[in-house]
Amino acid sequence: FDKNDDVDQTYYVTFKHGEAPVGPNNPHTPGEPINPNDPEGPKWPAGTDKDSVQKNVKETVHYVGADDKTPSDVVQDATWTRELTVDKVTGKIINEGDWKSDKDNYDEVKTPVVEGYVADKAMVPSTAVTQDDIEVTVTYNKIGKIVPVDPSGKEIPDAPTPDYKNDPEDPTKVTPNQPVPEIPGYTPEVPTVTPDKPGEDTPVIYVKNQ
């Protein structure tokens, strides 16, 4: 190493424990050897399998109440992942990374307009992604109708009872100024109605012509 035979040289070799990254792309089966060539050596610890470093979650919007017109569920997916570091000599986890999601929020979901029904929510707002599944239910109710009645409040026999018309822009409402039906021999007290409770019927008084 040099030309001085009177001086010895000392070399220092430092050994460090090997480290192995663990994540969604390189999970392991707990209990199996870290080094396949050393089956009696350290084993992969608990918490290094795929389910321990990746969580698949979802938001599901359920629709109910509109019979065969009920829309299908809307499902949005998200994935949480984290990275670990394992000491290849001791077989212990020496570093646990933070959980991170592939998205911060689920998208807003607009409620579909279903003819003949009104919904209790116009939309499901954008929601923060959590590590738990989220479920939201939107309920439809049968739309109300216009009911012709006489001055005493009794329904007029064989009179038409038309359903309200849906508001094409808002699934929770019906259109204003709905025209009342024509009934031969009767005159309605009002030509139109604006239902303030779309799920309830509106009686309209008709007076028999003299």
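In what order do the three strands of the open sheet run? The order is 13-17-15, with mixed pairing. Here, strands are DSSP runs of E at least two residues long, numbered from the N terminus, and two of them pair if DSSP finds at least two bridges between them.

Before going on, know that this is a predicted model: local features need pLDDT of at least 70, side-chain atom pairs count only at pLDDT 80 or more, and totals for chains, interfaces and linings use all residues. Residues are numbered from 1 along each chain as its sequence is written, and side-chain values use heavy atoms, with hydrogens and water left out.

Now select 146–149 (strand 13) and 186–188 (strand 15): these are the edges of the sheet, each with a single partner strand, so one side of each has no neighbour there.

Look for Tyr186, which stands opposite Lys208 in strand 17.

Next, show Tyr63 and Tyr140. They make a tilted aromatic pair, 6.3 Å centre to centre with 40° between the planes. (Rings of Phe, Tyr and Trp, using its six-membered ring, pair if their centres lie within 6.5 Å; planes under 30 degrees apart are stacked, over 60 edge-to-face, the rest tilted.) Tyr63 sits in strand 2 and Tyr140 in strand 12, so the pair ties together parts 77 residues apart in sequence.

Last stop: pick Lys55, which lies over the face of Trp99, 4.8 Å from the ring centre.

Definitions and conventions:
Helix = DSSP H or I, 4+ residues; strand = E, 2+ residues; numbered from the N terminus. Lys NZ or Arg CZ within 6 Å of the ring centre and 35° of its normal.
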